[in-house]
Amino acid sequence: MVRECVSLHIGQAGCQIGASCWELYCLEHGLAEDGSILEGSNREDTNLDTLYSESSSGRFVPRALFVDFEPTVIDEIRHGKFSKLYNPGFMISGMEDCSDNFARGYYTEGKRHLNGVLEQLRRLTEAAETLQGFLLFRSFGGGTGSGFGALLMDRICTDFGRKSKLEFAIYPAPSVSTSIVEPYNSILTPHRSDVCFMMDNEAIFEICQKRIDIEWPSYRNLNRLVSQVVSSITASLRFQGSLNVDLNEFQVNLVPFPRIHFPLINMSPLISRERINHASCTINEVTNDCFEDSTQMVKCKQKSGNFMACCLLYRGDFNPTHVQEAITKVKCRKDIHFVEWVPTGFKIGINSCAPKVFPDDDLGQVSRSCTMLSNSTAVQEAWVRLHDKFTMMYSKRAFVHWYVGEGMEEAEFSESQESISELISEYTELQTLCEESTGEEY
């Protein structure tokens, strides 16, 4: 039975990542730029209907909604190489952006566009026979992504409460920023998804430089790397496999407590096109590589934390027996620590469909890959960093008047700050429990 997913691309980052993702999906499924099936493509092992709807003319149209109140990015997609792929009715743009202001996205501009967006979302969901859930793409730091993304998620939680809601979010980087008020927007936006996969531009930039040998990565390079991650996570929804993982399984296996729902992402191998012929991609190598900070999409020290849950998604020619052997070796490593109250620790997904790369990409084509989604206490480092930046600005009430001027109450700043403080406390408490139990063993 096909269980459909609806993709929501909100704001500049969400729309640009979405364009890269759909281009890669088409490449993997053997679809032309207009959504028609290329000659020689094999549909037997694919579940195209999960993310695409088939038109009466036999073309496949993405089950996706693009929203950005500033028209530039969506106009580029409308007139780009894959312009005929998308349904124009599901691409919504305005004439005035949110100016990096959460309050404009949530209150003024957001409410002005909300009914039109909800109407198109209703059309998408009603066209699905058995809706599985939603995939949300946005940036925490932008005005549209943080503000309107939160407003839309509020309505989805109300109207589709029991459906899965997975989020792919660009998180503010430690030292590279495109907006001064990123800490405000990121902490003001409510985090109501079931699972939120965070990535920051600085970590992705360094992977492009050090792993893929791109001297000066562009946003196009960054978005394409993000699309590879998204493709690996959604591969089990789109292709048949021996051990597939659906949306519900992600949240059930990765989220031990409702608020602790921010897994880290690692991916291997990440090798440049020039070095691919000299690299070996054995199962032990790709599995161990996923536990290195250099393959992680968020800047934090993975080995300083404890793993509460770990999902390894393998793509390509992998034998389940060899996968178990590789995981057994990982469990024996002294620098990787798991909490003692999760005895199993690992969720495995194996999909025989090998990953693909863009024809003009710097990333080398490999026959197998592994993507790791891990819920670790190490992610608190990123939240502490963001909370400190928020506190420094808010202590002087800097830029607050721009938010209040859009109809927002100043008390929301304190409430959001307190909410993140509680989240950090929960991570700290879990980390402390792990350290105490480790000390008792000795």
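The model is predicted: local features require pLDDT of at least 70, side-chain atom pairs count only at pLDDT 80 or more, and totals for chains, interfaces and linings use all residues. Residues are numbered from 1 along each chain as its sequence is written, and side-chain values use heavy atoms, with hydrogens and water left out.

**Parallel sheet**

- Six strands, in the order β5-β4-β1-β6-β7-β8, form an open sheet with parallel pairing; two strands pair if DSSP finds at least two bridges between them.
- Helices (H or I, at least four residues) and strands (E, at least two) are DSSP runs, numbered from the N terminus.
- At the edges are β5 (91-93) and β8, each of which pairs on one side only.
- From one strand to the next, the twist averages 15°; axes are lines fitted to C-alpha atoms, for helices over the stretch in contact, and angles run from 0 to 180 degrees between N-to-C directions.

- Strand β7 (residues 164-171) pairs with β8 in the parallel sense over 6 bridges, and I170 has M199 of β8 as its bridge partner.
- In β8 (residues 195-200), 6 of 6 residues are buried, meaning under 20% relative accessible area with a 1.4 Å probe, protein chains only.
- V195, F197 and M199 point one way from β8, whereas C196, M198 and D200 point the other way.

**Helix packing**

- Helix α3 (residues 102-126) packs against helix α4 (residues 143-159) at an angle of about 50°, with the axes 8 Å apart.
- That angle makes α3 oblique to α4, since angles under 35 degrees count as roughly parallel, over 145 as roughly antiparallel, 65 to 115 as roughly perpendicular and the rest as oblique.
- The contact (heavy atoms within 4.5 Å) includes F102, Y106 and L114 of α3 and F148, L151 and R155 of α4.

**Mixed sheet**

- Another open sheet has 4 strands in the order β9-β12-β10-β11, with mixed pairing.
- Because β9 (264-268) and β11 (346-351) stand at the edges with a single partner strand each, one side of each is left without a neighbour in the sheet.
- Neighbouring strands of this sheet are turned by 15° against each other on average, direction ignored.
- β9 and strand β12 (residues 368-376) run antiparallel, joined by 5 bridges; N266 has M372 of β12 as its bridge partner.

Terms used
Buried means under 20% relative accessible area, exposed over 50%, partly exposed in between (1.4 Å probe, protein chains only).
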